[in-house]
Amino acid sequence: MAEALPNRTWEAALGVLQLEVPKAEYLAWFQGARLVEASDGEFVVGVPTVFAKEIVDRRYRDVVTRAASKASGRDVAVTIVVSPAATPVTAPALADPAPRASAPSPSVGLHPRLTFERFVVGTSNRLAHAAALRVCEAPGHAYNPLFIYSGVGLGKTHLLHAIGHAIVARDPDARVLYVPCETFTNDLLHSIRTEDRGARARRFRERYRSVDVLLIDDVEFLSRTETSQEEVFHTFNALYSQGRQIVLSSDQPPSEIPRLFARLRSRFESGLVADLQAPDLDLRRAILETIAASEGAQLPSDVADFLAHRVRRNMRELEGALRRTLIYAELSGLPLTPDTAARALDGLGAASHPRPIAARHVLDRTAAHFSVTLDDLTGSRRDAPTAYARQVAMYLLRNDSSLSLPEIGRTLGGRDHTTALHGCRKIERLIQLDDRLKNHIETIRAQLADIA
Ligand code: ADP
Ligand code: MG
């Protein structure tokens, strides 16, 4: 096992990677990666599945090597291995052909870093934090289910993991399972589609219904399939009737999740629904200081101020900005000042810190790329190619321009903000699965960069 120093270097390398690889890809392939071993000039990086290993080897080995070398300050070689323990974020997929006869190991899928100790409390999140703590004191009794919702990067996943850790700390035998809703759904579909489906379906049920605490992240994903809603409903009832704790997260409150069965909604609402709001300046500053301290860095208060003003909406971006600044200062030998931070962030590529791009250019380029007219893009046509182009435009406007969701809706012909949000989400998800879509978006971005 690696000692502390290589681990910090690996964290730094992840920071670099996070800035170099588009976000969706980073989440898909590196969130579950960890340093398995580090020796003289070599990093062995574990990823959870054979599939992930193939992808990372084929597509990202160079960029990982560069990131690791940059973070170490010298050339290092990187080897990717399959390491089943490297599953901090997603539960091991059932696609794994190895039979899993025994009951699930006591706790699955918890990321060691995401604990209550590392969760900084402020005005915007203290309600959800307090509810989460209560759940740990009396699992199955205090609030069941606990339903946490917020926009991205505000700490939902962190709280779910923290609950898992705290329950296991109190009761080492507690069987805790963390699972992103998407993994749950994929497992389910897989268990239905394969040939020995009786056995697989049984294993699926055993897996999800034999736990003491089930943490399902991002349940908004359920709006996509009725089959998984049905299964979540039964899983919920099975656990609930035995007094097992259920914690759910989503980007919307239950009442706003599109196409959610009424009976699921009422169950989701039957415990406590708590939200996390955007962090205020104080909390952003406190988080920066906590992260810096955990990295062993001294963060001058003017630099904390600068970063806290610069990144307002999302803790993940805040962390990325801090990591980038620390690495930049270290590698360049410059003192840690607001000016150095500004330089570190200004060096970012278009993908991570874009200069806002005019909406008009986004519409023009997107329409041209997909061979639809501007009128169609902003008009009422609903055929698949036009709708697809429109959703890509929504995604680009959301990520690369400074428009808000309601503005995006208006720009695209007077649609409302939920339509815009839905479009952005859909593209975010598809990007992870579809290389062609990724290429479309990169091509349009390259053209936009030429204009800007
Ligand atoms: P969400 O699931 O809501 O999108 P995450 O839980 O993934 O957000 O949080 C994004 C990042 O910000 C994570 O690295 C998380 O550890 C960090 N983070 C979020 N909220 C806090 C907090 N209150 N204190 C410390 N770190 C936080
Ligand atoms: Mg999350």
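Predicted model: local features only at pLDDT ≥ 70, side-chain atom pairs only at ≥ 80, totals over all residues.
Biologist: Let's begin with the ligand. Which residues come nearest to ligand 1?

Modeller: Val-120, Gly-153, His-158, Arg-316 and Glu-319 come nearest, out of 19 residues around ligand 1.

Biologist: And what does Arg-316 do there, in terms of distance to an oxygen atom of ligand 1?

Modeller: An N or O atom in the Arg-316 side chain is 2.7 Å from an oxygen atom of ligand 1. Thr-157 places a polar side-chain atom 2.8 Å from an oxygen atom of the ligand. For Lys-156, the distance from a polar side-chain atom to an oxygen atom of ligand 1 is 2.9 Å.

Biologist: How much of ligand 1 does the protein bury?

Modeller: The protein buries 93% of the 550 Å² that ligand 1 exposes when taken alone.

Biologist: Which elements give two or more residues to that shell?

Modeller: Helix H5 (156–170) and helix H12 (315–332).

Biologist: How does the shell divide into nonpolar, polar and charged?

Modeller: Seven of the shell residues are nonpolar, seven are polar and five are charged.

Biologist: Switching to the sheet. What is the strand order?

Modeller: The order is E4-E6-E7-E8-E5-E9, six strands in an open sheet with parallel pairing.

Biologist: Which strands stand at the edges?

Modeller: Strand E4 (107–108) and E9 do. Each has a single partner strand, so one side of each is left without a neighbour in the sheet.

Biologist: E5 sits between two strands in that order. How many bridges join E5 to E8?

Modeller: Four, and the two strands run parallel. Four bridges also join E5 to strand E9 (residues 272–275), again in parallel.

Biologist: Give me some pairs. What is the bridge partner of Leu-146 in E8?

Modeller: Val-247 is the partner of Leu-146 in E8. Ile-148 stands opposite Ser-249 in E8, and Ile-148 also stands opposite Ala-274 in E9.

Biologist: Is Asp-218 buried, partly exposed or exposed, and why?

Modeller: Partly exposed, because its relative accessibility is 27%, which falls between the 20% and 50% cut-offs.

Biologist: Now Arg-259. Where is that residue found?

Modeller: Arg-259 is in the loop between strand E8 (245–250) and helix H9 (262–268). Arg-259 is not a glycine either, and its phi is positive at about 60°. With a relative accessible area of 55%, Arg-259 is exposed.

Biologist: Where is Thr-49?

Modeller: Thr-49 is in the loop between strand E2 (42–47) and helix H3 (50–72). Thr-49 is partly exposed, with 31% relative accessible area. Thr-49 and Gly-32 are 17 residues apart in sequence, and their C-alpha atoms are 9.7 Å apart in space.

Biologist: On to helices. What span should helix H6 have at 1.5 Å a residue?

Modeller: Helix H6 (residues 181–193) has 13 residues and should span 18 Å. The end C-alpha atoms of H6 are 18 Å apart, which agrees.

Biologist: Which residues of H6 are buried?

Modeller: Cys-181, Thr-183, Phe-184, Thr-185, Asp-187, Leu-188 and Ser-191.

Biologist: And how far does helix H16 reach?

Modeller: Helix H16 (residues 384–400), with 17 residues, reaches 24 Å from its first C-alpha to its last, close to the expected 24 Å. Buried residues in H16 include Arg-390, Met-394, Tyr-395 and Asp-400.

Biologist: Last one, Ile-427. Which helix is that in?

Modeller: Ile-427 is in helix H18 (residues 417–433). Ile-427 counts as buried because its relative accessibility is 0%.

Note on methods:
Residues numbered from 1 in each chain as written. Chains lettered and ligands numbered in written order. Heavy atoms only, no water. Buried < 20%, exposed > 50% of the residue type's maximum accessible area, 1.4 Å probe, protein only. Near = heavy atom within 4 Å. Polar contact = N/O pair within 3.5 Å; in protein donor to acceptor, adjacent residues only side chain to side chain. Areas by Shrake-Rupley, 256 points an atom, 1.4 Å probe, with all protein chains shown as cover. Nonpolar A, V, L, I, M, F, W, Y, C, P; charged D, E, K, R; others polar. Expected span 1.5 Å × (residues − 1). Pairing = 2+ DSSP bridges.
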